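I went through the voids and the helix packing.

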Amino acid sequence: MIFKQTTGFLSHLPITQPITHDKERIFFAILNGQITTRREAVKLLKIRSTTVSEQVTQLLDSRLLTETISQHSGRGRPSMVLVVNPNRLVTLVFQVISLSLHVFAINLVSNVIAHEQLEASPECDNSALADKIRQLYGNIIQKIPKSAEVTGCVFSLGGVFDRQTYHWIHASRWPKMNNLNIKSIFPPGYRVVLSRTLDDELMLHVLERNKSTLLLHWGYGVGVAFSTADNYINIGGNAFGEIGHWNIPSQTKPCQCGQVGCLETVTALWSIGTDVLADKFKAHDDEENVAEILASSDLANNSTMQQAISHMAHAASNICRVFFPSRLIVSGPFVKNPQIWAAFCDSFQQQNRFFGQALPELSMSQISRNSRIYGAALPVLEQTLIELLAQ
């Protein structure tokens, strides 16, 4: 078995569509730091100087680029430096973190330029959640530069939803919410996109290394996302990968989803957090905060944790027997603890020697929350940018 750490790699927009004309070539070369001047564009991109001048003028007119005088030392005339206007396009990403609704404003160079959040109790129904979304939208719009164009809203969600009808069908955190029409919250014609949070993270891993990948998240919830080397399976759509709600025989504890004996009842933070961390665990705390606590905790003899590791290793093994991925990446707070990670890897390895198949490459996700948010924003940012560059 190969153990490998994946690392965040985003420092610019990783364009996923073909670059088809000179204006795109010039813009992305500047965005990616390959060139900073018109002269460099001519030399590197092998484009005639008159064409470079024409296309740069259009990019300046559309406010995608700005041109400033370089900090010059020495003799001669200082050159003019081309830079991307980072806040020309901004996308809003709504996410659920524990029992809070968050919205992030993401610009072209992957920076979070504004952030708002509101608590949402488990008693919230459709009306209450819709009101909070409207409030978050109104609050964050006030923080965005007036010169920025907001390309739309992406709702990076867990639970079950239908991206075609824009209905958020179910989320176990809010059992009174049912079939919330997110599109109807915004003005007609406003660009709204629904996507799965796990799919957004998976896309970043596949952009980094293009091979069949199974992403397993183990935290407040348990779920998976999968992509072959050239195709995402059910990306952004309906119910997929909800292995946290597989039924575990002999388990009788009620689950947040309304069923009994789900995998999450013996593995998820919401269920076992107190048994594992005692008073250090605060219900609905941020997963990143919990990860810091877990990382330094001695859990070698914790029976609840041992049972959870066993169930998660079995679940990972079973889902790998469905998809046979080239690699399995595990994310979430539990695997930040060295003892848990080692025990999980050992159990997974023992269960996956069969049929002479090579074991999948096993790694722990190192992609940050900001990168995951950017992954959610990427398709909308990219689409709007391509449309603007085509003008």
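1. Which strands each supply at least two residues of the lining of the largest cavity? Strand S3 (89–97) and strand S6 (149–157) do. Before going on, a word on the basis: this is a predicted model, where local features need pLDDT of at least 70, side-chain atom pairs count only at pLDDT 80 or more, and totals for chains, interfaces and linings use all residues. Residues are numbered from 1 along each chain as its sequence is written, and side-chain values use heavy atoms, with hydrogens and water left out. Helices (H or I, at least four residues) and strands (E, at least two) are DSSP runs, numbered from the N terminus.

2. Staying with that void: the structure holds 1 cavity of 30 Å³ or more, and the largest cavity has a volume of about 30 Å³. (On a 1 Å grid over the protein atoms alone, a cavity is a set of points where a 1.4 Å probe fits but cannot get out; a pocket is an open set with protein on both sides within 12 Å along at least five of seven lines; lining residues have an atom within 4 Å of a point. Points are joined across faces, edges and corners, and a volume is the space filled by probe spheres set on them.) Its lining is Phe94, Gln95, Val96, Leu101, Ile133, Phe155, Leu157 and Trp168. S3 gives the largest share, 3 residues. By class, the lining has 7 nonpolar, 1 polar and no charged residues (Ala, Val, Leu, Ile, Met, Phe, Trp, Tyr, Cys and Pro count as nonpolar, Asp, Glu, Lys and Arg as charged, and the others, Gly among them, as polar).

3. Now the largest pocket, with a volume of about 1,200 Å³. Its lining runs to 49 residues, and Arg173, His217, Tyr220, Gly221 and Glu287 lie nearest the centre. Two or more lining residues come from each of S3, strand S8 (167–170), helix H5 (197–208), strand S12 (222–227), helix H7 (287–295) and helix H10 (369–389).

4. Asp200, Glu201, Met203, Leu204 and Leu207 of H5 meet Ser371, Arg372, Gly375, Ala376, Leu378 and Pro379 of H10; contact means heavy atoms within 4.5 Å.

5. H10 has another partner in helix H1 (residues 22–31): their axes come within 10 Å and cross at roughly 130 degrees. The two are therefore oblique to each other. H1 uses Lys23, Glu24, Phe27 and Phe28 here, against Leu385, Ile386 and Leu389 of H10. That contact has 5 nonpolar, no polar and 2 charged residues.

6. Last, helix H8 (residues 303–323) and helix H9 (residues 338–351): the axes come within 9 Å and cross at roughly 45 degrees, which makes H8 oblique to H9. Residues in this contact include Met305, Ile309 and Met312 of H8 and Ile340, Ala343 and Phe344 of H9. By class, the contact of H8 with H9 has 10 nonpolar, 4 polar and 1 charged.

Definitions and conventions:
Axes fitted to C-alpha atoms, helices over the stretch in contact; angles between N-to-C directions. Parallel < 35°, antiparallel > 145°, perpendicular 65-115°, else oblique.
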